[in-house]
Amino acid sequence: MSVPLFSLAPDLNVSRLCLGTMTFGEQSSLPQSFRLLDEAFNAGINFFDSAEMYPVPQRAETQGRSEEYFGRWIRERKIPRDRVVLATKVTGPSGQMTWIRGGPKCLDAKNITEAIDNSLMRMQMDYIDLYQIHWPDRYVPMFGETEYNPVRQFCSVSIEEQLDCLGRAVDAGKIRYIGLSNETPYGLMKFLQVAERVACYPNIVSIQNSYSLLCRTFDSGLSECCHHEGISLLAYSPLAMGILSGKYFAADGGPLAARLNLFKGRYSEGESRYNLSNNMIKTATMGYLGIAKKYGLHPVTLAIAFVLRHPLVASTIFGATSPCQIQETLGGCIVELTPEILGDIDRIHSMFPNPCP
């Protein structure tokens with residue numbers, strides 16, 4: 001089968017499935033990563049997502065390997081550069097990842113420029129198709145947090161400085177388009193407002209936020225902004241870090257090599273957001289697994305098809321550590337969910353709304 005394309009921006013057509021690379025260099029070795037990239041590319045996937053901080057869990061010893069592996073694949077497979085769309089991201093403020101520009105402390109022009117240049121150098125590429133701010137420079141509740149606390153606000157770099165720097169990178173040919181990630185309705189609208197006010201600043205074309213059967217928070221606020229402003233959603237974690245496959249609730253607890261088992265105790269962000277001991281997560285997941293069984297669908301097919309049916313989703317970003325997982329995900333492109341299936345999904349959602357925000 002061939003994965004359909006979506007026009008994300010002028011001269012930027014992306015496959016509706018995007019292979020995320022955040023396992024490359026940690027769970028997946030170089031040969032394994034090449035095999036996954038081959039499988040995805042041969043299936044018609046042209047869109048690949050990375051970040052300067054990948055792989056996860058984050059370590060100084062592995063930082064940047066995901067980008068490096070992708071760049072090596074392009075060169076060694078002799079893939080024409082215009083046959084693929086590469087998205088990557090600059091790391092936001094972090095007091096933990098001290099090996100990335102000392103923190104980084106902020107997303108000022110110096111940090112953004114250095115991050116872009118380092119990503120290009122690791123991948124040995126001339127340009128990045130879509131460059132994204134991984135998370136805001138300012139305080140926002142994210143990665144499982146849902147309530148905004150005004151007391152936690154801190155000084156942040158102006159949006160003007162960030163857009164000016166990104167605009168200079170566009171002018172220099174280093175990046176083609178820019179996007180946001182883990183952003184709020186307020187943040188998206190402020191970026192759009194500033195970009196509209198200053199003609200030389202680049203426009204935002206996409207926002208990369210979590211969206212799945214277990215996380216539909218995008219529909220509360222952000223979706224209205226994206227609809228009226230023509231911004232597409234790049235939906236990440238459509239399987240809620242594999243939970244929606246059902247593997248973690250099998251009798252044996254799932255494969256030992258599965259991420260939440262393999263990195264247990266080492267991946268605080270993932271474990272807090274996708275907490276397997278949370279009864280609401282388990283009950284909601286079992287409900288969705290029951291829907292998949294009722295209609296004769298693979299759980300992965302149901303989860304992917306649900307995300308792709310959203311009118312604002314340009315592409316959904318999924319991870320894989322084996323070719324068979326890619327093949328399971330491809331099935332979500334060819335299934336159309338009936339009103340009966342969507343009705344059953346909404347009934348579960350009404351009882352257990354967004355247990356993995």
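Trainee: So helices (H or I, at least four residues) and strands (E, at least two) are DSSP runs, numbered from the N terminus. With that settled, where does Arg101 lie?

Mentor: Arg101 is in the loop between strand 5 (85-90) and helix 3 (109-123). Keep in mind that this is a predicted model.

Trainee: Is Arg101 buried or exposed?

Mentor: Its relative accessibility is 17%, and buried means under 20%, so Arg101 counts as buried.

Trainee: Which side chain does a polar contact of 2.8 Å join to Arg101?

Mentor: That's the side chain of Glu52. Arg101 also has a polar contact of 2.7 Å with the side chain of Asn111.

Trainee: And which residues does Arg101 touch, not counting those up to four places away in sequence?

Mentor: Glu52 and Asn111 turn up again, along with Val90, Thr91, Glu114 and Ala115.

Trainee: Switching topic: what is phi of Gln124 near?

Mentor: It's near 55 degrees, a positive value in a residue that isn't glycine. Gln124 is in the loop between helix 3 and strand 6 (128-133). Ser237 also has a positive phi near 55 degrees, and that residue isn't glycine either. You'll find Ser237 in the loop between strand 9 (232-236) and helix 7 (259-262).

Trainee: Ser237, then: buried or exposed?

Mentor: Buried, with a relative accessible area of 13%. Gln124 is exposed, at 56%.

Trainee: Now a helix, please. How many residues does helix 9 have?

Mentor: Helix 9 runs over residues 279-294, which is 16 residues. From first C-alpha to last it reaches 22 Å, close to the 22 Å expected at 1.5 Å a residue.

Trainee: What caps the N-terminal end of helix 9?

Mentor: Asn278 does: one of its side-chain oxygens lies 2.8 Å from the backbone nitrogen of Met280. After helix 9 comes Gly296, with a positive phi near 70 degrees.

Trainee: Which residues are buried in helix 9?

Mentor: Among them are Ile281, Ala284, Tyr288 and Ile291. The buried residues of helix 9 pack against helix 8 (268-273), helix 10 (299-308) and helix 12 (339-351).

Trainee: Let's follow helix 12, then. How far apart are its end C-alpha atoms?

Mentor: They're 19 Å apart, which agrees with the 18 Å that its 13 residues should span at 1.5 Å a residue.

Trainee: And what are the buried residues of helix 12?

Mentor: They are Ile341, Asp344, Ile345, Ile348 and His349.

Trainee: Why do residues three or four places apart point the same way?

Mentor: Because an α-helix has 3.6 residues a turn.

Trainee: What's exposed on the other side of helix 12?

Mentor: Pro339, Ser350 and Met351 are exposed there.

Trainee: Last one: what do the buried residues of helix 12 pack against?

Mentor: Helix 9 and helix 10.

Methods
Residues numbered from 1 in each chain as written. Predicted model: local features only at pLDDT ≥ 70, side-chain atom pairs only at ≥ 80, totals over all residues. Heavy atoms only, no water. Expected span 1.5 Å × (residues − 1). Buried < 20%, exposed > 50% of the residue type's maximum accessible area, 1.4 Å probe, protein only. Contact = heavy atoms within 4.5 Å. Polar contact = N/O pair within 3.5 Å; in protein donor to acceptor, adjacent residues only side chain to side chain.
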